Every structure is written in C-alpha cells, then in structure tokens.
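Here are my notes on the model you sent.

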Amino acid sequence: MAEHVLRTTNLTKSYRGAAVLKQISLSLAPGRIYGLIGQNGAGKTTLMRLITGLSFPSSGTIELFGHQGEKDLQLERKRIGSMIEYPSLTLSMTAQENIRLHRIMRGIPNKEIEDEVLKLVGLAGTGKKKAKNFSLGMKQRLGIAIALLSSPEFLILDEPINGLDPVGVIEIRNLLKKLCEERHMTILISSHNLPELYQTATDYIIVHQGELKQLLTQEQLEERCKHHFLIRSNEPEKLVSVLETQLHTTNYKVMPDQSVKLYDYLDDKEKVSRVLYDHGVVITNLSNEGDTLENYFISVIGGEPHA
Amino acid sequence: MLNLIQADLYKLRKSAPIKVLLAITTISAIIMAVMAYLIPQGKIDPNLTGLGFMFSDVNVISILGAVMAAVLICGDFDSRTFHDAVASGSSRASIILGKTVVFCFSILCILLPYIITTGIVLGTGFKFSMGSVAVGFLNMMTTEAGKALTAAEMWKIASIILSITLVYIAQVSICIPLAFTLKKPVLVVAIYYGFSILMAQLGRLSESSKWFDRIFSCTPYGGNYTFLTLASETGEIIKALTISLIFIILMLIVTYSLFRKSEIK
C-alpha cells in the first residue's frame with residue numbers, strides 16, 4: 001500500500017493568467033478524514049476538480065496511491081469516489097435507477113451493492129419517487145451513495161452536508177467516521193460548517209486565496225484552540241514549581257520559548273496571579289488565550305492575528 | 001467503454017424524451033406514407049406536398065437528430081454523468097467513443113419507423129408520390145413503389161436503405177462535437193437546423209459549379225447520397241457508405257481534439 005493516498009507537488013491552476021491555486025504541496029495519509037477549510041473562492045473545489053481529473057493543472061504534479069502521469073492517474077481514479085459541487089443525478093430516475101446507472105457505468109457486477117449503499121445513506125425506502133422530487137438533502141445523500149458505489153479507498157466530498165437537516169448531518173457524520181474506521185477509507189471533505197467539520201475531521205487543510213495556509217491534525221488544532229493562561233516569566237523553573245506545589249496542577253505545558261500554558265484555574269485568574277506573586281515569581285505576562293475554530297481559522301487566513 | 005455504452009443504453013431505455021422522439025418519427029413516417037399514397041389518387045390536394053415533405057425523413061431527422069444529441073450529450077453534462085465518468089477513471093476517448101456508438105444507434109432507432117414504412121410501401125405494389133419534393137426514404141418510396149422487385153433488387157434496396165441510414169447518421173454526427181463543445185441543447189438544435197438549411201442551399205450551388213460539387217460530394221451533405229434508388233450504381237452506394245463512415249470518424253477526431261483537454265464544468 002502506498003504511503004500516501006494523495007500527494008501534490010507545487011500544484012498550480014490558473015485561469016486566464018489568474019492563479020486560483022498556488023503551489024499547493026500536500027500529502028494525505030491513508031485512513032484519515034481531512035477537512036478542507038477555506039472561504040468561497042479559496043480554491044477548495046478547484047483542488048478537488050484537479051484530483052478527480054475534471055480540470056488539468058497549469059503546473060505541478062498530482063500523485064494518487066503512489067502513481068503519477070495521466071494514464072496512471074486515470075487508472076488510480078477507479079479507487080476514488082467523489083461528489084464535487086453537485087451530485088451526479090439523472091432527475092427523471094428513481095434513487096435505485098440512478099444507483100444502477102452508475103453501477104453499470106463503473107462495471108460493478110455485484111447488484112446487492114445497490115441496496116447496500118442506499119441503506120447506508122438512509123434512502124432505502126424511497127421506492128418509485130423520482131430524484132427530481134427529492135429534497136436537497138436527499139439528493140446529497142444519493143450523491144454520497146453514488147460516490148460510495150465502488151467501495152472507494154479515497155472519498156472526496158465537496159460540501160456534502162449542504163441541505164441536510166440536523167439529523168441528516170449527524171447521520172452523514174457518523175457514516176463518514178464509520179467508513180474511515182471500518183474500511184480504513186481516506187476522506188477529503190470540504191465544508192463551510194466549521195463546527196461540523198471539527199466533529200468529523202481528523203486533520204485540517206486550510207486554504208486561502210489559492211494558497212495552502214496550514215495542514216494540521218486535530219490534536220494540533222485543539223492545542224492551538226484550547227483556552228489557557230499564557231504565563232511568561234524570567235524564571236520558568238520556579239514558575240512550574242509553584243504551579244505544582246502551590247496550585248497542585250500538572251495541567252500545563254512549557255513552550256519552546258519558555259512561556260507556560262496553564263489549562264487549569266481558567267475562572268480564577270486572580271488566584272493564579274496572587275499565588276505566583278506571593279511565592280516570588282515575577283511574571284511579565286498573564287493572559288487568557290485560546291480560540292474557537294472559527295476565530296482560529298480567521299486568524300490563519302489573515303484576519304485578527306492568533307495570539 | 002463497454003460499461004459506458006451499457007449504462008447509456010440503460011439510460012435510453014428509461015428515458016422519456018427518447019420514447020417521445022420515437023413516437024414522433026413513427027407518426028411522421030405514417031403521415032408521410034399516407035399522404036404520398038393519397039396525393040397520386042387525387043384524394044388530397046397536390047399543393048399539400050410541402051406539408052407531406054415536412055413529415056419526411058430528411059426534414060424530421062434534421063431536427064430530431066440534433067435533439068437526440070442534445071438529450072444524449074448535453075443531458076449528460078446537465079446530470080453530471082460525464083463528471084462522474086471522468087472522476088471514476090474513464091478516459092475522455094472512451095467517453096466520446098461510447099457516446100458516438102450510442103448516438104448512432106439511437107439515430108438508427110428513430111429512423112426505424114421510416115425504414116419499416118419504406119419496406120411496407122415497397123411491398124404493397126401501390127403508387128406513391130409527393131410531387132417533385134422527395135429525398136431519402138421518401139424518394140425511394142415514390143420512385144420504386146409499384147414495381148415488381150426481383151431478389152437481387154431487394155438486396156440492392158436493403159443496401160440502399162443501409163447507405164441512406166448511414167448518410168443520415170453521418171450528417172447529424174456533426175452534432176457530436178457541437179454538443180460536447182457548446183453543452184447547451186438549444187444552441188445545438190438551433191445551430192444544426194441552420195446548418196442543415198445552409199447545406200441544402202450549398203447543394204444547389206454544387207449544381208452550377210463542378211469544382212464545388214467535387215468538394216461538396218466528399219461530405220455526406222453533397223453528392224446524390226440521399227437520392228439513391230435502384231437506378232443508382234453500386235459504386236455510388238459504396239461511395240455513400242465510405243464517405244459517411246469517414247465523416248463520422250472525422251467528427252470523432254474533431255470531438256476528441258476539442259474535449260481532450262477541456263475543463264468539465
């Protein structure tokens with residue numbers, strides 16, 4: 001098995017001289033759920049279109065499952081399931097007929113897979129109802145079912161929870177997590193709904209104005225978003241000692257710049273300040289830090305700086 | 001590519017517009033034959049030949065052929081079926097080739113009522129006429145009906161039917177690159193209808209210019225390819241078949257060169 005499901009190197013896409021994706025280099029490891037975050041026009045859909053072959057890169061390379069080159073990529077795309085922008089639906093057909101059409105198109109002989117994927121996305125009971133009479137949420141579910149038809153190893157979903165009701169959102173979230181855990185599927189998912197993405201993804205790719213701003217794991221993101229006191233002192237050893245002996249906490253982290261992040265006593269800044277002062281620790285900074293995912297995202301893309 | 005063809009045939013079977021097109025050509029073929037039967041008997045005003053011609057194969061196919069391309073090709077852009085095919089690893093060449101095969105088959109399907117009507121008419125032994133306006137199957141019907149046919153002539157008629165069918169398919173095959181490029185059904189139908197009228201006018205120009213006739217007869221729109229009858233020589237029939245096949249292949253190449261590196265939006 002390839003070490004990376006997807007690897008892009010200096011991937012650039014321009015339209016009439018204007019670059020919409022600039023030198024994107026990233027690697028996606030197997031069995032992870034990657035949340036692709038970016039504003040409208042950031043380049044999320046363009047990146048997905050390039051991966052799936054709907055567009056061609058202006059420069060740079062794409063490698064899928066360790067293979068690159070047009071012919072090989074085409075072959076490797078058979079291991080991908082995708083839903084980009086809108087689901088691929090024939091509106092005059094029922095859910096089952098749509099699934100059958102795509103099953104035949106992909107040369108999948110197993111007919112049982114039709115009921116299986118419809119059941120997975122909760123559309124098993126739609127009977128003779130045509131896709132044109134489906135709600136937006138049902139169309140999204142059907143699109144996801146089509147993407148899952150070939151039991152892909154790499155699933156690419158562009159705004160899959162658009163139009164879904166709250167229960168539908170939870171169901172799709174649970175489905176994606178299940179697919180990732182049970183089938184070791186790699187999922188690249190874009191969404192504007194950051195709190196939702198936060199509950200689904202294991203890794204985050206932040207793009208802004210065509211540039212890759214950050215690729216970080218859930219743990220790294222949590223670390224950056226977690227509320228804490230940022231304490232700076234000229235005597236970090238003494239500071240840590242006081243925290244442990246007087247405030248009885250080990251819930252802190254010493255950063256490379258010798259500042260200390262304290263995750264306890266967040267509601268009692270006065271106590272922390274007083275105890276440190278009483279024990280002779282000279283502090284140069286004691287501030288409340290931490291962000292919501294939204295605030296962190298905004299700070300990364302160049303809004304209010306992240307402290 | 002076989003998967004794509006099978007999927008397209010499945011879609012065709014489920015498609016209401018295709019059934020409507022088939023119904024239109026069936027009704028048109030019957031009206032055309034009935035009018036061509038009643039006009040020589042004086043039961044219908046001979047001035048209505050223009051109306052009869054409206055229902056003839058050449059006229060109906062010049063509209064419905066483009067509609068078929070719009071339904072089959074533009075429809076797949078609308079439903080994002082092409083997107084899914086590319087994203088799941090089908091090559092653009094196989095998409096074009098598969099689509100062309102199904103397009104040719106579907107044109108053959110909507111021509112079938114005319115082919116069957118022509119066969120029946122030739123078997124009746126009655127006289128049929130649509131005045132001076134007759135092209136394609138209507139021309140064959142009005143020229144050959146009422147004659148006793150030998151076995152050899154029947155074989156020749158079968159080969160002429162095959163040739164005319166292929167000429168029609170070749171004529172409308174220009175809709176394939178149009179549909180892959182324009183993606184809008186209205187544009188494809190309108191442009192092809194205008195194009196077919198232009199080709200009819202150019203056909204007249206070829207009567208007055210030999211060199212133009214020579215060039216024009218290298219396309220399925222020129223020559224006398226839609227005027228084949230029992231009087232036509234075998235060489236003419238083979239030429240019609242060859243030029244039609246080459247033209248379809250040329251359209252395939254043009255489509256591939258246009259679609260090969262195009263963005264699928």
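1. In this predicted model, helix H9(B) packs against helix H10(B) through Cys175(B), Leu178(B), Ala179(B) and Leu182(B), which meet Leu187(B), Val188(B), Ile191(B) and Tyr192(B) of H10(B). By class, the contact holds eight nonpolar residues, with no polar and no charged ones.

2. Two packed helices are described by the angle between their axes and the distance between the axes. For H9 (residues 175-182) and H10 (residues 185-208) of chain B, the axes come within 9 Å and cross at roughly 145 degrees. The crossing of H9(B) and H10(B) is right-handed.

3. Turning to the two chains, 31 residues of chain A are in contact with 26 residues of chain B. The size of an interface is often given as the accessible area lost when the parts come together. Between chain A and chain B the buried area is about 2500 Å², and carbon and sulfur atoms give 54% of that. On the chain A side, Leu54(A), Phe56(A) and Met105(A) lose the most area to chain B, together 26% of what that side buries.

4. How many salt bridges are there between chain A and chain B? The count is six. For the salt bridge of Lys14(B) with Glu97(A), the closest N and O atoms are 3.3 Å apart. Polar contacts between chain A and chain B come to 17 residue pairs, with both residues at pLDDT 80 or more.

5. Which elements of chain A supply at least two residues each to the side that touches chain B? They are strand E1 (6-15), helix H1 (44-52), helix H2 (70-76), strand E5 (80-83) and helix H3 (95-105). H3(A) gives the largest share of that side, six residues. By class, the residues of chain A that touch chain B divide into 13 nonpolar, nine polar and nine charged.

Conventions. Residues are numbered from 1 along each chain as its sequence is written. Chains are lettered from A and ligands numbered from 1 in the order in which they are written. This is a predicted model: local features need pLDDT of at least 70, side-chain atom pairs count only at pLDDT 80 or more; totals for chains, interfaces and linings use all residues. Side-chain values use heavy atoms; hydrogens and water are left out. Contact means heavy atoms within 4.5 Å. Buried area is the accessible area (1.4 Å probe) that two parts lose on being put together, summed over both. A salt bridge is a side-chain nitrogen of Lys or Arg within 4 Å of a carboxyl oxygen of Asp or Glu. A polar contact is a pair of N or O atoms within 3.5 Å; within protein, one must be able to donate a hydrogen and the other to accept it, and residues adjacent in sequence count only if both atoms are side-chain atoms. Helices (H or I, at least four residues) and strands (E, at least two) are DSSP runs, numbered from the N terminus. Ala, Val, Leu, Ile, Met, Phe, Trp, Tyr, Cys and Pro count as nonpolar, Asp, Glu, Lys and Arg as charged, and the others, Gly among them, as polar. Axes are lines fitted to C-alpha atoms, for helices over the stretch in contact, and angles run from 0 to 180 degrees between N-to-C directions. A crossing is left-handed if the near helix is turned anticlockwise from the far one by less than a right angle, and right-handed if clockwise.
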